[in-house]
Amino acid sequence: MRVRTRSTAIIGTVCLIASLALTAASADEPSADEPSAARQASKVTLKNVATAQNPTAGVAGPGGKLWIAERPGTVRTLDSKGLSKPVLDISAETTTDGERGLLGIAFDRKFAHFYISFTNLEGTSTVDEFAVRNGKIQPQTRRTVITQTQPYPNHNGGDIEIGPDGYLYIALGDGGSGGDPHGNGQNLDTLLGKLLRIDPRGGKPYAIPPDNPFVNDPKAKDEIWAYGLRNPWRFSFDAGTGDLFIGDVGQNDWEEVDWAPASSKGGENYGWGQMEGTHPFRGGTEPANHVPPVHEYDRANFACSVIGGYVYRGKAIPSLKGQYVFSDYCDGTVRSLQMKNGKVAAVNDLGANGGEVISFAQAGNGELYVLAIGGSVFRIDPA
């Protein structure tokens, strides 16, 4: 087993921080008969409930526990007693160079299968599957579902989610470097710069859902659900409506949040690398089918990398219900978007700061957690 020193982990974290910083509705609206307080911006507080080792992702797991992925390659569970010992350790199989590591985790609907998304020692993006029995991972059942080689150590994406349709969605960045030098964002003949949709249990190693948007296009990869993405570091589906939100990290000037309704048939072109948000990138021409972001912001006030989150569906903060909660890696402010008819009606500062926010997690009860790269795991509570 490869020994990982503390200095190696620190150096890897510093590389990720530098890389992110430099390269970097359908949601419900309160009805008119609801109390006026529910239509006002919520204020929240962040309660530190645990300290992990560079947490990168979290997912609701069996038994009401929240499963936390740690970038060096471990997975631990969180309950009222705190974090467990690792329930999975692939630290000998990944590296924290650049933006690499264990980047995403997901369960299927029945908690019968657990999926991990990581970069292997060669930097290849990899999604593996494990069977789960009685809430425990069965290591002997491990198999690789899909891989994608990466030309550079950044813009891996790596987030994975089981959608409302039960299929596995996989976010991959444009392959890295800067400015999309290979034109992957607009190239339908590569999986890079895309959101993928596959059926991991329908074939060996997986099947293509027959209604994927490019199944009948010989010039496009069948796995593609949406394209024109730079580095979709975090994305999620609204647990209440099924709408899709993507936080796509910008190049130098604009951060964006993309949105698609639950009724979408896929095929959206979010514009990269011709567009950065609603702005032509380096003289690019806006594609005729460009789907602009529902929200964008510039890098003033120390912002650098949008960190996509979740639509709040918990009970602890009624006035936050239906709002999309997100942050920025450098700014750290926890904000929300209020959506109405597919457009942003309000952008709210929720009055809390998580520091170097790297990800969010949604528990089984709908409550949200903020993950900071330094290790803090915060629960979003009412102020």
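Predicted model: local features only at pLDDT ≥ 70, side-chain atom pairs only at ≥ 80, totals over all residues.
What does the charged end of R234 sit over, and how many Å is it from the centre? The charged end of R234 sits over the ring of W233, 4.0 Å from its centre.

Residues are numbered from 1 along each chain as its sequence is written, and side-chain values use heavy atoms, with hydrogens and water left out.

View 1. R234 is found in strand β15; strands, like helices, are DSSP runs numbered from the N terminus (E, at least two residues, for strands; H or I, at least four, for helices). With a relative accessible area of 3%, R234 is buried (buried is under 20% relative accessible area, exposed over 50%, partly exposed in between, using a 1.4 Å probe and protein chains only). The side chain of R234 reaches the backbone oxygen of T56 at 2.7 Å. That is a polar contact, meaning a pair of N or O atoms within 3.5 Å; within protein, one must be able to donate a hydrogen and the other to accept it, and residues adjacent in sequence count only if both atoms are side-chain atoms. Leaving aside neighbours within four places in sequence, R234 is in contact with residues including T56, A57, L103, D159, I246 and I358 (contact means heavy atoms within 4.5 Å).

**View 2. Charges over rings.** Besides R234 over W233, take a look at R230: its charged end sits over the ring of W272, 5.6 Å from the centre. A charge sits over a ring if NZ of Lys or CZ of Arg is within 6 Å of the ring centre and within 35 degrees of the ring normal.

**View 3. The sheet that holds β15.** Here an open sheet of four strands runs in the order β15-β16-β17-β20, with antiparallel pairing (two strands pair if DSSP finds at least two bridges between them). β15 and β20 (295-298) stand at the edges with a single partner strand each, so one side of each is left without a neighbour in the sheet. Neighbouring strands of this sheet are turned by 10 degrees against each other on average, direction ignored; axes are lines fitted to C-alpha atoms, for helices over the stretch in contact, and angles run from 0 to 180 degrees between N-to-C directions.

**View 4. Strand β16 and its two partners.** All wrapped up: five of the five residues of β16 (residues 244-248) are buried. L244, I246 and D248 cover one side, with F245 and G247 on the other. Strand β15 (residues 234-237) pairs with β16 in the antiparallel sense over four bridges, and R234 stands opposite G247. The β15-β16 hairpin has six residues between the strands, and G242 in the turn has a positive phi of about 90 degrees. Five bridges join β16 to β17 (residues 254-260), again antiparallel, with V257 as the bridge partner of G247. β16 and β17 form a hairpin with five residues between them.

**View 5. Aromatic pairs.** A search of the whole structure finds eleven aromatic pairs. Rings of Phe, Tyr and Trp (its six-membered ring) pair if their centres lie within 6.5 Å; planes under 30 degrees apart count as stacked, over 60 as edge-to-face and the rest as tilted. F107 and F114 make a tilted pair, 4.8 Å centre to centre with 45 degrees between the planes. F107 counts as buried because its relative accessibility is 5%, and F114 is buried at 0%. F235 and F237 go edge-to-face instead, at 6.2 Å and 80 degrees. F235 is buried at 2% relative accessibility, and F237 is buried at 13%. W67, F107, F111 and F114 form one aromatic cluster.

**View 6. The β23-β24 hairpin.** Strands β23 (residues 333-340) and β24 (residues 343-353) pair in the antiparallel sense over seven bridges. Q338 has A346 in β24 as its bridge partner. Two residues lie between the strands of this hairpin, and N341 in the turn has a positive phi of about 55 degrees.
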